[in-house]
Amino acid sequence: MSTQTIGGAGPRPGAGLPPEGTDGPRRSLLRRRPREGEDAGPANPWLTALLVVLALTVFVPLYFAVVTALKTPAQLGGTGFGLPTEIRWANFSDAWRLTDFPRAALNSAVITAGTLVLTLLTNSMVAYAISRNMHRRGYKALFFYFISALFVPFPILMLPIAKQTAILGLDNQVGLILLYTVYGLSFNVFVYVAYIRSIPIELEEAARMDGASTWTVFWRIIFPLLSPMNATVGIITCVWAWNDFLLPLVIVSDPGAATLPLQQYVFQSQFSQNYPVAFASYLMAMLPLLVVYAVAQRWVISGVTRGSVK
Amino acid sequence: MSTTTGGSTAVGQTPDRSRGGAGAPPSGRGTRGRGSRAYLWMVLPAFLLFFAFHTFPVLQGVFFSFTDSPGYGEWGFVGLSNYTALFTDPRIGHAYLFTAQFAVVATILTNVLALAIAVGLNGKIKFRTTLRAVYFIPYVLAILVVGYVFQYLFTFSIPAMAEALGVEALTTSILADESWAWVAIVVLAVWQSTAFSIVLYLAGLQTVPAELYEAASLDGASAARRFRSITFPMIFGFFTINMVLSLKGFLQVFDHIFALTAGGPGTATESVGVLIYRGGFQGGEYGYQLANAVLFMIVIIAFAVFQLRVLQGREEQA
């Protein structure tokens, strides 16, 4: 994490704004190493206890979802926080069949993976071209064109884009991948450009002397150097594409193309009679990303942190 | 529409190009003139696609906001009448008031909580890494799905608890209460979005040099004093951006409402986004809701500009 502050007070992701926010005299200070791990002295037990108790609020809905998903309908009632007296695993198989879980999960996985690959490959390339040509008016205009879209709320294009995708036959998984990749440009170009500008141009010049084309320079030299930023963009893109509800709701017309969140919505009315099955279904929808996060947790947080210090 | 077809083929080619670039020997053409043509090809497909799938629908939206189109079939121009009608429509007015109220409260709560937790996590504590990981969990959960869990909690668990504890006021679900349902939406929103804000603030706190604290401790400054005089001014840039982004995000609240109240009871918790969706897709108010969406865009931009002005003005003073 420490090396990532090198670029100084460049624009931050999620910003969508000119970098004035972190500019000024602070710039030099930002280059300092982070303090984490440096501070010696005994841990504060009260602060630790307070933070642990607060952290439990994160687990309340999750705990609740787990115990409810294991109960029989007869065990519901009361506050619902009690452990199940008799475990009904069949809730999961019921939910699996009822919501056609494998299909929705596959759709979500394909859409997320497709968006991820396409986003990393294309958005970084666009950002590279822009950042190496910022002195040209056209590229600079393009940069601000992409970024200004961050402040265009989705509702204004949601009605027209629904019609447009339907006309073009893109009201399906392919359309979602395309739209996520295109809409991600605003934010990702912003993040990538800030990062690429901190890569010394001398690296490329040496390669160009040896006769490398712009394409080669990008794929062979720049793209590998982008991996820290690719991690940041990748995490944010994955979470977005996997969890998004509104875009599939608006775009997808064929029930067979539904993503996991959309599927939960579609089956909501049929769940109402049987909460344990519903909760089993919610758990299954949330589980894949939770597992990925549990495994890659350190890496995810440092990725997001890095993106925001940039 | 012709740009669209051209555009989509272009994106299909992108991965091929990556293979060509990395695998094939360099053509050497780009050596001179610094490969301007290559740069152009890198951005052109993206520009065309962005225009076709973002700008074009927006322009279409603006165009149809001046019509009486129901979303299909025939339509005619109606001038500004959609816009004038917006200002006398109580349902629209209510949606804006509700959305603004929700967004402001959720923004403040999220940022105060996230900043407090981040400062705590940055302090001298045990289990720092584990706690940080736990606080981030809500970020990876789909709002809609976890929202359904919250819905059950609000509908059944909290009233049951209130009954057991003898708290009369909470024995009925607040989701069914016209004047309090919005609080439940705030709870879900804050619970979910604090996660990401904490990480952003932690990143900000890392940029504060340790020497400043050491000097302050030598001078005998209290923890509160250190926060006010050192930490907060140093991370004010992060604070500004977090506030602007949170507010922008919360103004577009949608999933939370679909999961918890579906806009009810009645239309008590109908946000602008939900209203545009419903009116536009189900209510045959395509043109009218597009006018609403244009107004909404103006409001969002105005909010962002206003916030930036205020916060940056303060930053310069600080």
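**Entry 1: helix H6 of chain A.** I began with helix H6 (residues 154-168) of chain A, where 15 residues at 1.5 Å a residue should span 21 Å, and I found the end C-alpha atoms 20 Å apart, which agrees. The expected span is 1.5 Å times one less than the number of residues. Helices here are DSSP runs of H or I of at least four residues, and strands are runs of E of at least two, numbered from the N terminus. I then noted a kink of about 35° in H6(A), centred on Pro160(A); the bend is the angle between axes fitted to the seven residues ending at a residue and the seven starting there. Pro160(A) is also among the buried residues of H6(A), which include Ile156(A), Leu159(A) and Gln164(A). Buried denotes 20 or more other C-beta atoms, placed from the backbone, within 10 Å of a residue's own. After H6(A) comes Gly169(A), with a positive phi near 70°.

**Entry 2: provenance.** I record that this is a predicted model, in which local features need pLDDT of at least 70 and side-chain atom pairs count only at pLDDT 80 or more, while totals for chains, interfaces and linings use all residues. Residues are numbered from 1 along each chain as its sequence is written, and chains are lettered from A and ligands numbered from 1 in the order in which they are written.

**Entry 3: chain B overall.** I counted 13 helices and zero strands in chain B. Of its 318 residues, 44% are buried.

**Entry 4: Thr99(B) and its helix.** I located Thr99(B) in helix H4 (residues 90-122) of chain B. Thr99(B) counts as buried because 25 other C-beta atoms lie within 10 Å. Beyond its neighbours within four places in sequence, Thr99(B) is in contact with Leu251(B), Val253(B), Ser271(B) and Val272(B); contact requires C-beta atoms, placed from the backbone, within 7 Å.

I next examined H4(B) against helix H10 (residues 236-251) of chain B: the two pack at about 145°, with axes 9 Å apart. Axes are lines fitted to C-alpha atoms over the stretch in contact, and angles run from 0 to 180 degrees between N-to-C directions. Thr99(B) and Leu251(B) are among the residues that make this contact.

**Entry 5: the chain interface.** I found 94 residues of chain B in contact with 96 residues of chain A. Helix H2 (residues 36-64) of chain B supplies the largest share of chain B's side, 14 residues.

Key: Contact = placed C-beta atoms within 7 Å. Buried ≥ 20, exposed ≤ 12 C-beta atoms within 10 Å, placed from the backbone.
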